[in-house]
Amino acid sequence: MSGGRKRVFRGPRRRTAPGAAPGTLTFDADAPPAVLRVIGVSPERIREAPSIDVREIPRWLEEWPVVWIDLVGLGQGEELRGLGEHLGLHALALEDVANLGQRAKVESYESELFVVTRMAYPNDPATEQLSLFLGEGWVLTVQEREGDCFDAVRARLREDGRRIRSRGADYLAYALLDAVVDSYFPAIDTIGDHLDELEEVVLGDPDPQVAQSLHRNRRALISLRKSIVPHRDVFQSLSRDLHPLIDEETRLFLRDVYDHVLRINDLVDSFRELTGDLMATYMTVVSNRMNEVMKVLTIIATIFIPLGFIAGLYGMNFDPSVSPLNMPELGWRWGYPFALGLMLAVGGGFVLYMWRKGWLK
Amino acid sequence: MSGGRKRVFRGPRRRTAPGAAPGTLTFDADAPPAVLRVIGVSPERIREAPSIDVREIPRWLEEWPVVWIDLVGLGQGEELRGLGEHLGLHALALEDVANLGQRAKVESYESELFVVTRMAYPNDPATEQLSLFLGEGWVLTVQEREGDCFDAVRARLREDGRRIRSRGADYLAYALLDAVVDSYFPAIDTIGDHLDELEEVVLGDPDPQVAQSLHRNRRALISLRKSIVPHRDVFQSLSRDLHPLIDEETRLFLRDVYDHVLRINDLVDSFRELTGDLMATYMTVVSNRMNEVMKVLTIIATIFIPLGFIAGLYGMNFDPSVSPLNMPELGWRWGYPFALGLMLAVGGGFVLYMWRKGWLK
Amino acid sequence: MSGGRKRVFRGPRRRTAPGAAPGTLTFDADAPPAVLRVIGVSPERIREAPSIDVREIPRWLEEWPVVWIDLVGLGQGEELRGLGEHLGLHALALEDVANLGQRAKVESYESELFVVTRMAYPNDPATEQLSLFLGEGWVLTVQEREGDCFDAVRARLREDGRRIRSRGADYLAYALLDAVVDSYFPAIDTIGDHLDELEEVVLGDPDPQVAQSLHRNRRALISLRKSIVPHRDVFQSLSRDLHPLIDEETRLFLRDVYDHVLRINDLVDSFRELTGDLMATYMTVVSNRMNEVMKVLTIIATIFIPLGFIAGLYGMNFDPSVSPLNMPELGWRWGYPFALGLMLAVGGGFVLYMWRKGWLK
Amino acid sequence: MSGGRKRVFRGPRRRTAPGAAPGTLTFDADAPPAVLRVIGVSPERIREAPSIDVREIPRWLEEWPVVWIDLVGLGQGEELRGLGEHLGLHALALEDVANLGQRAKVESYESELFVVTRMAYPNDPATEQLSLFLGEGWVLTVQEREGDCFDAVRARLREDGRRIRSRGADYLAYALLDAVVDSYFPAIDTIGDHLDELEEVVLGDPDPQVAQSLHRNRRALISLRKSIVPHRDVFQSLSRDLHPLIDEETRLFLRDVYDHVLRINDLVDSFRELTGDLMATYMTVVSNRMNEVMKVLTIIATIFIPLGFIAGLYGMNFDPSVSPLNMPELGWRWGYPFALGLMLAVGGGFVLYMWRKGWLK
Amino acid sequence: MSGGRKRVFRGPRRRTAPGAAPGTLTFDADAPPAVLRVIGVSPERIREAPSIDVREIPRWLEEWPVVWIDLVGLGQGEELRGLGEHLGLHALALEDVANLGQRAKVESYESELFVVTRMAYPNDPATEQLSLFLGEGWVLTVQEREGDCFDAVRARLREDGRRIRSRGADYLAYALLDAVVDSYFPAIDTIGDHLDELEEVVLGDPDPQVAQSLHRNRRALISLRKSIVPHRDVFQSLSRDLHPLIDEETRLFLRDVYDHVLRINDLVDSFRELTGDLMATYMTVVSNRMNEVMKVLTIIATIFIPLGFIAGLYGMNFDPSVSPLNMPELGWRWGYPFALGLMLAVGGGFVLYMWRKGWLK
């Protein structure tokens with residue numbers, strides 16, 4: 001939970017100035033170069049290319065019934081612009097792809113469906129923008145950097161005879177979106193495990209770091225919630241509204257993804273409530289401890305300060321020889337036992353008083 | 001409230017990896033074997049089989065007007081796959097059955113109605129998934145493990161001449177769903193009893209364990225609420241929308257179940273507010289106690305520390321014989337009474353001051 | 001606020017087990033016998049019977065244009081079952097009548113309208129279920145026990161020439177429902193009076209019982225709110241939807257009741273906010289007090305502990321005769337005044353420090 | 001904020017008992033007599049009568065195109081009943097007029113439009129009910145007592161050639177309602193000024209009265225909010241729905257009033273949040289102060305109590321002459337310097353410890 | 001965050017009295033004079049005039065296909081009234097322009113579209129009202145004072161061959177509104193940076209100023225939220241409803257602005273939650289610190305006060321020569337070692353006790 005600490009809710013600083021023209025694509029000058037990965041799929045075979053030039057795209061689209069184009073990183077935007085041309089992507093959509101930090105949303109353009117989602121990672125409250133375009137026979141995904149949650153999808157594509165190879169591009173898009181949404185489960189599970197530990201600590205013998213740990217988990221939850229909530233509208237729309245590019249059966253699968261989004265929402269909300277509750281419980285534990293510490297101090301001070309006073313009293317140096325009024329006790333035969341007895345009486349009295357108050361339990 | 005402590009909000013860890021194909025059924029390798037119980041019902045008679053093989057199902061369906069198939073546990077999924085084939089269940093529904101930890105939902109497939117609900121248990125914040133399929137003449141329930149809330153339904157089925165035997169499968173499904181929803185009442189009642197006790201403790205003489213107990217109940221309420229809330233949509237849909245498998249009169253009964261769901265929601269919400277309020281009240285009690293402890297300490301210290309100082313003053317060993325300025329009081333005739341009087345005056349002054357402040361009440 | 005303390009949010013413990021057949025009427029074995037009161041009303045005259053047998057009902061229905069049947073208590077359910085038969089009441093409605101603790105709701109059956117409401121009492125956070133059936137020419141009310149809020153309605157019935165006698169059964173039902181809703185005003189007024197007092201105490205000189213009193217009022221408000229909120233839907237439905245048994249003009253009156261429900265809701269919500277705010281204000285008062293106590297302790301201790309140390313210093317018994325380094329001050333001519341001056345300087349310094357900090361104000 | 005303290009959320013105690021007949025008008029026996037003010041308006045001229053008899057109303061209605069009847073106080077209800085007869089007002093509307101403490105609402109009767117609103121006053125959390133009837137050519141306003149926010153409207157009526165004189169009664173009604181809603185701005189501004197001051201106090205050097213002042217403002221906000229919120233529905237309805245008595249252009253003006261209501265709502269909500277936040281900030285200030293006080297106490301006590309103990313040690317009277325083990329230090333040549341050095345070392349050690357803990361900053 | 005401190009939620013004090021006629025334009029007598037800037041745009045060329053007279057407007061409108069009129073400041077309202085005449089603006093719209101402090105809203109009049117928005121500035125919680133009128137071939141913006149967020153738009157207009165010059169007035173209006181909404185990003189980013197710093201401080205070693213800083217940021221968020229929230233409805237309406245002056249494609253761009261509004265909302269809400277959470281965490285840090293301080297005090301006092309008492313005991317001056325009962329220990333051979341041993345035992349006992357309690361960790 002360390003690396004994503006800075007600017008965690010906001011994503012990278014917005015690069016276009018307020019008032020800039022829409023469709024302006026500005027890029028981070030020292031971003032690593034973008035990598036264009038392509039997988040062509042037909043029911044019978046599959047071909048993967050780890051890095052192609054953007055001009056090869058049309059040939060792939062002709063050759064394969066379903067092509068998954070995966071752009072990793074934005075670089076200086078040449079690949080993105082090239083893809084925009086070859087696939088006919090809308091300028092506004094491209095701007096959303098380039099301006100990271102978008103909320104999840106779905107936009108239906110004439111010849112393509114544009115979906116923005118955000119992938120989650122365990123131990124990292126920041127989420128990564130994944131933009132997905134679905135067209136006739138192709139799916140384009142754009143991710144911020146190397147590393148994603150699509151390995152299982154790739155494995156399914158490589159395996160012969162799987163449903164995912166015989167169905168169209170919409171089913172592939174569903175599989176990818178499903179993987180994105182499911183990436184929240186491990187992230188939330190990690191937080192859940194932390195909370196389980198923190199709960200035991202709070203209910204046991206909490207140390208002061210608990211508050212900070214609770215805060216970190218809570219912040220991760222706020223961040224995850226900010227990312228996941230807009231997915232609700234996205235998948236409700238995808239599973240309910242008619243999109244010409246998505247067939248009936250795939251809609252049914254997308255509805256299942258929608259259910260997952262709801263579950264993730266429920267979990268995040270329950271965890272947020274739980275952290276709030278743990279914080280309150282921790283506060284009472286701290287107060288109770290302070291109470292206990294104060295009680296010990298009060299008991300000791302209440303007993304020994306008066307006794308110390310009595311001792312001090314008979315430590316005064318008034319001269320008994322000057323006058324019989326001056327500390328005659330010092331010369332009594334039973335003087336010392338009398339003083340000790342007085343102390344015992346006073347101390348015992350306070351002990352009794354506090355015992356009655358229930359402080360000695 | 002002990003057993004369900006770990007992973008209580010999340011159900012068992014999800015078994016399918018993100019990106020796995022939908023409809024993939026993966027099972028816990030060391031799960032106990034599943035048991036398939038069947039009850040055939042006709043208005044005149046009833047037959048129960050405590051454990052049958054899945055291939056016997058078609059014969060039961062032919063023979064009896066209404067068949068209740070009850071799958072207890074998932075085992076390695078063979079029974080579930082067999083039932084899917086014989087009853088024509090949808091692959092996505094089967095995935096939801098196998099992936100425990102679903103939210104309550106209702107899905108209408110072509111030839112069956114699929115309902116996911118969650119059963120509650122007293123003293124256990126975790127809820128158990130109960131999947132129910134309603135088809136033409138049969139009801140299939142899948143529960144996670146042995147032990148459920150259907151004993152009263154079974155008793156009603158066994159008794160001759162009861163409405164439940166002469167009505168169709170939809171009425172049986174209603175009776176089972178009603179039992180599931182009503183299972184929340186004892187669970188909430190247990191929490192209510194705990195809160196009644198905790199309230200008395202808080203308003204009386206609370207000990208530090210109160211915060212932990214409140215937290216445990218609150219967590220149980222968060223968990224119950226997470227389980228019950230989605231039932232609202234389920235039963236609103238069941239009692240309002242037209243489903244070909246549910247007749248008009250049964251819809252009326254389902255509306256009654258919907259009312260129960262609303263009541264449970266109300267109770268959970270009221271209890272959550274109450275625990276929050278008890279927590280706040282407890283915090284003020286703790287603060288008031290600390291105040292009282294501090295007041296005793298302050299009273300004792302304020303009175304005796306100055307007196308101790310005076311005593312110490314006259315315990316100094318300055319040599320009166322060297323100079324008449326050196327502690328002449330020690331040689332006064334009324335020196336000791338003067339010192340005692342000074343102490344009385346100072347102590348009495350502080351007592352008066354504190355009595356005026358109202359601290360001695 | 002004493003009697004209703006136990007199980008206050010839940011009403012009496014539900015008697016039917018989860019899974020019991022709907023329409024099962026189970027009763028408390030040692031409930032007092034039910035009493036059946038009837039009032040027959042025509043524009044010209046009125047007849048009241050304090051206790052009749054259920055078999056006399058049909059004769060009353062024939063004889064009078066409007067009959068108000070008032071069942072007080074459920075007894076062993078014979079009267080209720082009898083009424084169900086004679087008036088043709090729906091089994092599910094009867095179950096709701098017998099199972100106390102229902103939320104307010106309205107159900108439209110073929111030949112009757114069934115309304116569940118809850119009456120409030122001042123000084124008692126628990127509310128009583130009042131079930132009302134409206135049929136052609138009759139109104140049936142079922143209350144849990146003797147004592148209700150209908151005395152004013154009865155008085156209006158007895159008085160000659162009042163609108164209530166010449167209008168139909170729907171107007172009588174309206175008058176009764178209006179009385180039920182208005183019963184919340186005195187209950188809320190009582191809480192309001194308590195809060196007025198508590199507010200003065202909190203803003204004045206609060207004692208530790210304030211937190212408990214606030215809690216009790218807050219709990220009463222949670223309970224009242226749980227009871228009143230569902231009435232909103234009930235009266236919105238009654239005043240907006242068309243029910244064949246309620247004529248246009250009566251609907252207008254029911255809309256007025258709906259306005260009252262909204263006002264009660266507003267009041268309860270404002271009071272809940274107020275109690276929360278009072279709690280927070282009380283907490284700061286407690287904290288401020290503790291601050292004041294601590295300040296007195298700190299001031300006294302900070303001044304006198306160092307002085308005591310100085311006094312103790314010169315009470316040490318090092319032998320000045322052994323060495324000139326051993327406490328030569330004791331033999332100084334100005335030794336004692338020097339010591340007193342040192343004390344004055346140290347004490348004065350601390351006083352100055354604390355005065356600058358603003359602690360002595 | 002003083003006068004309105006008692007019963008501030010509830011308005012005057014309801015006078016009709018629960019169950020009383022609707023339309024019953026009961027009045028406060030010692031209310032001051034009602035005053036009936038009338039203004040007749042035509043585009044060319046205007047006539048004002050400060051107090052007329054209710055029987056003169058019909059003559060005014062005949063004579064003037066637009067008549068504004070303003071009833072100040074309810075007295076014993078004769079004027080109200082008279083107006084009800086002459087203007088054909090609905091019985092339920094009259095009951096709402098007489099029963100003060102209504103929420104804002106709008107009711108459309110056959111020949112009149114009935115609007116209940118509430119006027120706000122600065123420095124008074126209580127609001128005053130203003131009932132307004134709009135009929136064909138007349139507007140009737142009923143206010144609780146002398147003093148309103150209509151002076152600017154009257155001035156505009158008196159001025160020749162103003163739009164308000166040439167437009168119909170609906171425009172006059174709009175002008176009055178606009179004045180009522182705008183009366184909230186000064187009331188909220190007063191609270192805003194208080195909060196500005198309190199904020200400076202909290203962020204500066206808060207004294208214990210801050211909590212009480214915050215509470216008072218918060219209560220005033222709760223009260224204003226309760227009054228203003230229902231106006232939202234009222235003016236949304238007035239500006240959107242078609243009412244035969246309100247023409248198209250006036251609807252446009254009413255929409256502007258609706259915008260004002262929304263702004264008032266926004267302000268009240270922001271202020272409520274701000275007070276909550278100020279309260280929390282104040283609590284941390286109090287805690288920080290306590291911390292500071294405790295730190296001073298701890299520093300002083302931690303340094304001087306051990307030193308006092310050392311001093312006390314060498315003040316013991318064991319007899320060195322009896323045995324060489326008995327306090328030989330007292331007879332050492334460097335005894336006293338050794339003791340002082342020990343004290344310096346112990347005291348310095350604690351100072352170092354606390355300096356490292358950062359307590360001395 | 002300093003300048004906007006006073007009256008920050010309310011904007012300038014409303015100038016029209018409650019009850020004033022609508023359309024009354026009253027102005028601040030000592031406002032600086034208004035400046036009227038105009039830019040005429042055609043696809044081929046552009047002409048800017050930094051300050052023109054309002055009577056020149058019609059000539060500009062004739063000459064150029066798209067004219068952007070930018071009124072900076074209101075002055076005494078002459079320019080505004082002139083514009084109202086020449087452009088045919090509605091009186092109510094003009095009133096909204098003149099009465100600063102409006103919420104964002106959109107109004108569709110016959111020949112123009114009127115939008116009120118609010119611009120944000122970094123480091124200033126106050127927002128500035130920007131009124132925008134869109135007519136056939138012209139856009140009028142009215143801002144409160146010099147300084148806006150339109151520099152990038154002006155730069156785009158000046159550049160040849162940009163889309164913004166060839167599209168109509170609606171696209172120019174979009175570009176301006178987009179700039180207004182995007183002005184919130186830097187404002188929120190500033191707060192985000194503050195919160196990042198504060199978070200580090202809270203989780204590290206918070207000083208008492210943290211509470212005040214958190215409060216200031218929270219207040220800025222409340223203020224920004226109050227400004228931005230109404231934009232949601234404005235841009236939803238602009239991007240969804242049909243307005244004759246806005247063509248299909250521009251609607252698509254406005255939808256993008258709507259997405260930005262949603263993101264800003266999300267950010268503000270997340271930041272509000274975060275500040276609340278930081279406040280709670282800070283409170284526990286303060287409590288923990290107090291605990292630590294108290295523990296040190298208690299440990300020291302608990303050990304040394306009893307030891308001091310023992311030392312005081314043997315400092316008493318009872319005369320051993322008078323009686324063998326009077327402090328015979330003083331004359332023992334092992335008296336002093338015994339006393340030291342007793343102290344060691346007592347002190348060690350308390351240390352052991354506290355070590356067992358875990359206070360010495």
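1. Strand 1 of chain B pairs with strand 3 (residues 66-72) of chain B in the antiparallel sense, over seven bridges. The model is predicted. One position in this pairing can be named: L36(B) has L71(B) as its bridge partner in strand 3 of chain B.

2. Strand 1 of chain B also pairs with strand 2 (residues 46-49) of chain B; these two run antiparallel and are joined by four bridges. Together they form a hairpin, with four residues between the two strands. Within it, I39(B) stands opposite E48(B) of strand 2 of chain B.

3. Is strand 1 of chain B mostly covered or mostly uncovered? Strand 1, residues 35-41 of chain B, is mostly covered, with six of its seven residues buried. As a general point, side chains in a regular strand alternate between the two faces of the sheet.

4. Elsewhere in chain B, D178(B) belongs to helix 6, which spans residues 169-182. D178(B) is buried, because its relative accessible area is 5% and the cut-off for buried is under 20%. P230(B) is 52 residues away from D178(B) along the chain, and the C-alpha atoms of the two are separated by 15 Å.

5. In chain A, helix 8 (residues 209-240) and helix 9 (residues 248-313) have axes that come within 8 Å and cross at roughly 155°. Helix 8 of chain A is therefore roughly antiparallel to helix 9 of chain A, since angles over 145 degrees count as such. The residues of this contact divide into 19 nonpolar, six polar and eight charged. The crossing of helix 8 of chain A past helix 9 of chain A is left-handed.

6. Which residues of helix 2 of chain D are buried? In this helix, residues 78-87, they are L80(D), G82(D), L83(D), G84(D) and L87(D). In general, an α-helix has 3.6 residues a turn, so residues three or four places apart point the same way.

7. The buried residues of helix 2 of chain D pack against several elements of chain D: strand 1 (35-41), helix 1 (57-63), strand 3 (66-72), helix 3 (91-98) and strand 7 (138-143). Just after helix 2 of chain D comes G88(D), with a positive phi of about 70°.

8. On the arrangement of chains, chain A and chain D do not touch, and their nearest C-alpha atoms are 9 Å apart. Chain B and chain D do not touch either; here the nearest C-alpha atoms are 9 Å apart.

Methods. Residues are numbered from 1 along each chain as its sequence is written. Chains are lettered from A and ligands numbered from 1 in the order in which they are written. This is a predicted model: local features need pLDDT of at least 70, side-chain atom pairs count only at pLDDT 80 or more; totals for chains, interfaces and linings use all residues. Side-chain values use heavy atoms; hydrogens and water are left out. Axes are lines fitted to C-alpha atoms, for helices over the stretch in contact, and angles run from 0 to 180 degrees between N-to-C directions. Angles under 35 degrees count as roughly parallel, over 145 as roughly antiparallel, 65 to 115 as roughly perpendicular and the rest as oblique. A crossing is left-handed if the near helix is turned anticlockwise from the far one by less than a right angle, and right-handed if clockwise. Ala, Val, Leu, Ile, Met, Phe, Trp, Tyr, Cys and Pro count as nonpolar, Asp, Glu, Lys and Arg as charged, and the others, Gly among them, as polar. Buried means under 20% relative accessible area, exposed over 50%, partly exposed in between (1.4 Å probe, protein chains only). Two strands pair if DSSP finds at least two bridges between them. Contact means heavy atoms within 4.5 Å.
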